[in-house]
Amino acid sequence: MGKEKKVRDSASDDCWWWLVQNGTSAVFITIGLFALLVRVAVSLHPYSGAGNPPKFGDYEAQRHWMEITTNLPVKEWYRNSSSNDLSYWGLDYPPLTAYQSFIHGLFLKFFHPESVALFTSRGHESYLGKLFMRWTVLSSDALIFFPAVLYFIVVHYNQPSRSHKSELAWHIAALLLSPCLILIDHGHFQFNCISLGFTIGAVAGILSGKDLVGSVLYCLALNHKQMSAYFAPAFFSHLLGKCLRRKYPIFEVLKLGLLVIGTFAAVWWPYLYSTQSILEVLSRLAPFERGIFEDYVANFWCASSVLIKWKRLFTTESLKLISFTATVITCLPSMIQQIKSPSNRGFLYAMLNSAFSFYLFSFQVHEKSILLPLLPATMLAVEEPFVFKWFTQFAMLSMFPLICRDNLVVAYLALLALFVLMLSAPVQHRARKSNYFDTYLGSATMFLILCCYFVLHIVYLTMHPPKKYPFLFEAIIMNLCFSQFVLVTLACNIKQWLLNKPAKSEEIEKKLI
């Protein structure tokens with residue numbers, strides 16, 4: 001048995017070694033093709049709101065935006081009118097999403113015009129329509145997200161501090177086979193791959209010293225989805241910290257500021273003709289009327305609402321101020337560290353910590369927003385393998401009720417199995433462990449948490465909650481995930497600050513391992 005195991009290990013090592021030795025291009029193409037096949041397989045499953053009138057779901061929202069943008073003048077895209085009823089999936093993302101919807105709408109109009117016909121296409125659910133809609137997400141992934149990942153990998157592994165090239169293939173797989181992103185974009189149906197792709201490209205630009213390129217790409221991410229603001233404190237503090245260390249800091253800050261203003265002006269140009277037009281768009285980007293939380297999200301407001309009825313105790317205006325204050329306070333330590341000591345690795349930690357601050361404390365957070373802190377966690381996967389593994393598992397669990405509503409359980413379980421297989425890759429056995437959770441929580445506690453994790457899946461699928469508490473299982477799932485997200489946030493904030501103290505950090509690492 002021992003000999004057979006050695007042979008198997010040797011074979012898998014040889015396979016991995018072949019990929020590494022054949023260079024980044026061969027590795028990326030091989031894993032990229034497999035990642036595309038996985039996306040195609042997931043897209044064969046149902047989508048958000050399938051067969052669920054009158055408003056259907058996110059799939060219908062995206063299709064309707066294509067309908068509006070291809071049939072109405074650009075000035076009317078965000079304006080309520082007889083041709084554009086904003087109460088029926090009105091555009092509520094920045095202009096770049098509208099332009100993307102227009103381009104995809106033209107594609108659908110050419111090949112399948114009835115799927116974007118004004119008025120008559122509402123709730124359109126033909127097989128061919130679904131095929132072309134799925135193709136729009138797949139092409140967006142291939143044209144934006146995949147090249148951005150390649151750019152990041154090339155930059156990240158060309159840094160002097162990166163010596164373990166054998167980790168490259170596994171890192172590409174971690175980024176391209178992110179189960180949460182695949183489920184949301186290619187199952188549930190959204191275009192997060194575009195804003196996240198721009199963000200990865202922005203990170204790669206900044207890591208390679210091209211701050212101007214990084215700033216433009218991040219502005220594009222912000223103008224595609226306003227949730228990209230989750231990363232704003234990290235980008236701001238890191239770039240400010242770098243500018244302050246240059247010969248002419250004021251000139252550097254002004255240069256970046258003018259570039260940001262110019263990029264925003266270019267994207268918003270069709271709406272800059274009047275203040276009213278700008279306000280019409282801005283009013284669509286902040287859905288405060290929905291309340292501080294809507295569904296069961298694993299953040300502070302939802303988790304604590306079991307005991308504190310926030311919506312009853314406070315007005316919307318008060319909750320906006322409270323959530324804003326809590327978000328800023330939790331962002332500050334990470335920002336201060338980057339202004340004081342900007343570094344490439346610190347920047348990635350700052351992105352993770354900043355995104356978590358927004359996810360845990362900001363106003364009107366969605367289940368899908370977990371993709372934002374998950375992105376920097378994946379970019380740090382080699383440095384923080386345990387955080388990446390632990391966080392991804394609970395990020396998936398936090399989305400499980402949403403996935404069940406979309407009838408994507410089979411796809412979810414398949415991607416969870418694929419994720420577990422990926423974690424058992426040979427390079428992971430050689431990776432430096434940073435499991436400080438085990439030190440502080442203890443092996444028994446961690447085992448108990450994992451047991452709860454698996455049991456909750458089974459309970460949610462096989463049992464009915466008491467009639468008196470119809471959302472009991474969702475509440476348990478959200479509170480368990482919230483507790484783990486808080487632990488990850490605390491651990492990563494500490495890790496970021498320890499970057500300033502290399503000697504002490506090494507001592508602590510030795511104790512933790």
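Student: Leaving aside neighbours within four places in sequence, which residues is His124 in contact with in this predicted model?
Tutor: His124 sits in the loop between helix 4 and helix 5 (127–156). Once neighbours within four places in sequence are set aside, its contacts are Tyr59, Glu60, Arg63, His112, Glu114 and Ser115.

Student: Is His124 buried or exposed?
Tutor: The cut-off for buried is under 20% relative accessible area. His124 has a relative accessible area of 17%, so the residue is buried.

Student: Where is Ser48, and which residue's backbone nitrogen lies 2.9 Å from a polar atom of its side chain?
Tutor: Ser48 belongs to the loop between helix 2 (23–43) and helix 3 (58–71). Not counting residues up to four places away in sequence, Ser48 touches Gly57, Asp58, Tyr59, Gly187, His188 and Asp406.

Student: What separates the C-alpha atoms of Ser48 and Phe189?
Tutor: Ser48 counts as buried, at 6% relative accessibility. Along the chain, Ser48 and Phe189 are 141 residues apart. The separation of their C-alpha atoms is 6.4 Å.

Student: Which residues does Ser323 touch, not counting those up to four places away in sequence?
Tutor: Ser323 is placed in helix 15 (residues 316–340). With 2% relative accessibility, Ser323 counts as buried. Beyond the excluded sequence neighbours, Ser323 touches Ile292, Trp301, Phe361, Ser362 and Phe363.

Student: Why are the buried residues of helix 12 on the same side of the helix?
Tutor: The buried residues of helix 12 (residues 275–285) are Ser277, Glu280, Val281 and Leu285. They are on the same side of helix 12 because the arc they cover around the axis is only 140 degrees.

Student: Which exposed residues are on the face of helix 12 turned away from its buried side?
Tutor: Cover for the buried residues of helix 12 includes helix 4 (95–111) and helix 11 (249–268). The face turned away from that buried side carries exposed Thr275, Gln276, Leu279 and Ser283.

Student: How far apart are the end C-alpha atoms over residues 256–273?
Tutor: An unreviewed UniProt entry lists residues 256–273 among those for "transmembrane region". In the model, the chain over these residues is 72% helix and 0% strand. The end C-alpha atoms are apart by 25 Å.

Student: How far apart are the end C-alpha atoms over residues 472–494?
Tutor: Residues 472–494 are also listed for "transmembrane region" in the unreviewed UniProt entry. Here the chain is 100% helix and 0% strand. The distance between the end C-alpha atoms is 34 Å.

Conventions: Residues numbered from 1 in each chain as written. Predicted model: local features only at pLDDT ≥ 70, side-chain atom pairs only at ≥ 80, totals over all residues. Heavy atoms only, no water. Buried < 20%, exposed > 50% of the residue type's maximum accessible area, 1.4 Å probe, protein only. Helix = DSSP H or I, 4+ residues; strand = E, 2+ residues; numbered from the N terminus. Arc of directions from axis to C-beta. Contact = heavy atoms within 4.5 Å. UniProt positions renumbered as here; feature names shortened; annotations may be inferred.
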